[in-house]
Amino acid sequence: MHRMITFLCCLCVLVLLMPGCAKKEAKAVVQDLSDLSAVTPGALSKPEADPSITLKTMETVVPGGVLFLKHNMAYFYDMTNESEYPLCGKANCSHKPGDESCFAVFAEETPIRFLGIYEDKIFYFVHNMDISANSDRVYSADLDGSNRKKLYELDGQLTDRVIISKGRIYISVQKREPDTNEKGKAIGFLDNDNTTANIACLSTEGKLLYKTPELKGSGAYIGLVGVYQDRPCYNKNAHLGVNIQKNAPIEDAASRLEKAKKEGKLINQFWTYDPDVNTETQLLSGIDTGLRISKYHYAAYIQNPDDNYRGPLCLLDLTNGKRFLVCENAEYDILLLDQKLFYREGIGEDGVYTHYLDLVTGETQPFQMIDNTLIYGEDSDKILLAIQDEATDAVTGMSWIFKIDFYGNNPNLVHMFDFSNDY
């Protein structure tokens, strides 16, 4: 089924936190399942409140509703009134698409990558169409769409995720060298040994607070997966010394990656960074896929997945380093939401979960998804769902349902709203 969100993943090796004022890398150790604890009622520590919001490309769940783009205009959907409003407080404005005097309208040449609301401000991220500049931008605006201003220009491009938490903006950034044509004009980007990646942390006023240590090499990528105790948690990915040539056959790229894996040049690791002491600590390590997401002081991952991305589903408690075995044969498509870990046991379709682990009670429950839906987000008492076309799996709209009805699998109580113009 259609993947709405793609996360990079990694295998896992637990190490001890290493204090100090210089960057230190913990050494990975071989691990098996023997040191994992069983999940039983009372075994898990109570999930901590998660104050962060994760910004998404087309729409972001915010308290009370959803902020989204339609006709290149910013709208707010109010789930209480089941109505949508353009984010424009200008008097006597017609709110017509393309009318740039409307505060809700973004110019066609302004491709919005992410948007969200945090503490009475709109934050949005713009992709720079000038390839030679190689720098995306961070903006803010008032809730009525006015007072737009550029906060910061990144040294590179946004990748897959932006998180805002406790007055800080965490951004995955990757920088690649521009590719040029015969006339020297930039036409795209190269992936070579000069590719770099890091996490940039800004204040909500646009001040750069710090960057995590830079990862450099072919395929260098740092994927932000969460924030714990004001520290970014992220995957490091690279295939060092393996330059995938432009327009290379898929088989060639795959063989190069397989060679890098055998030579130990394929990096895929889970790290956290403490800016107070400038220390980067490796938490989990591997050379394949596995880590999915970090939330509620937990990190969920598949350990040693097979070629079909299935394997033991594990849970790492970041507060004490304990690891738990949740399911011996789960697929990599997992989700932390509503203080629960959703997963699919055995073989199935993307986004269709069969069970969830309640992180509060420590109990596992069988679960049945509402047909032709994907879980997209949550509000205080509601779950947001993406609606899929049964024949094509294409996302055709959004909906919400009260949590009590969601867990009761009552499709008749789904509330529909339409974002279909921009899908």
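**Figure 1. Secondary structure and surface of the chain.** Two helices and 33 strands make up the secondary structure of the chain; both are DSSP runs numbered from the N terminus, helices being H or I with at least four residues and strands E with at least two. The model is predicted: local features need pLDDT of at least 70 and side-chain atom pairs count only at pLDDT 80 or more, while totals for chains, interfaces and linings use all residues. Residues are numbered from 1 along each chain as its sequence is written, and side-chain values use heavy atoms, with hydrogens and water left out. Of 423 residues, 52% count as buried (under 20% relative accessible area; exposed is over 50% and partly exposed in between, with a 1.4 Å probe and protein chains only). Among contacts with a separation of 6 or more, 48% come from residues 24 or more positions apart; a contact means heavy atoms within 4.5 Å.

**Figure 2. The open sheet E3-E4-E5-E6.** Four strands in this order form an open sheet with antiparallel pairing (two strands pair if DSSP finds at least two bridges between them). Strand E3 (59–62) and strand E6 (83–86) are the edge strands, each pairing on one side only. On average, neighbouring strands here are turned by 25° against each other, direction ignored; axes are lines fitted to C-alpha atoms, for helices over the stretch in contact, and angles run from 0 to 180 degrees between N-to-C directions. E3 and strand E4 (residues 65–70) run antiparallel and are joined by four bridges. Val-61 has Val-66 in E4 as its bridge partner.

**Figure 3. The open sheet E7-E8-E9-E10.** This sheet of four strands is also open, and its pairing is antiparallel. Its edge strands, E7 and strand E10 (149–153), each pair on one side only. Neighbouring strands are turned by 20° against each other on average, direction ignored. Six bridges connect E8 with strand E9 (residues 137–142) in the antiparallel sense. Phe-123 stands opposite Ser-140 in E9.

Figure 4. The chain has 14 aromatic pairs (rings of Phe, Tyr and Trp, its six-membered ring, with centres within 6.5 Å; planes under 30 degrees apart are stacked, over 60 edge-to-face and the rest tilted). In the edge-to-face pair of Phe-114 and Phe-125, the centres are 6.4 Å apart and the planes are at 85°. Phe-114 belongs to strand E7 (residues 112–118) and Phe-125 to strand E8 (residues 121–126), eleven residues apart. Phe-114 is buried at 2% relative accessible area, and Phe-125 is buried at 0%. One aromatic cluster consists of Phe-342, Tyr-353, Tyr-356, Phe-367, Phe-406 and Tyr-407.

**Figure 5. Lysines over aromatic rings.** The charged end of Lys-70 sits over the ring of Tyr-75, 5.5 Å from its centre (NZ of Lys or CZ of Arg within 6 Å of the ring centre and within 35 degrees of the ring normal). Lys-90 lies over the face of Phe-103, at 6.0 Å from the ring centre.

**Figure 6. Positive phi in two loops.** Asn-278, which is not a glycine, has a positive phi of about 50°. Asn-278 lies in the loop between strand E20 (266–274) and strand E21 (279–286) and is partly exposed, at 31% relative accessible area. Tyr-296 has a positive phi near 55° and is found in the loop between strand E22 (291–295) and strand E23 (298–302). Tyr-296 counts as buried, with a relative accessibility of 7%.
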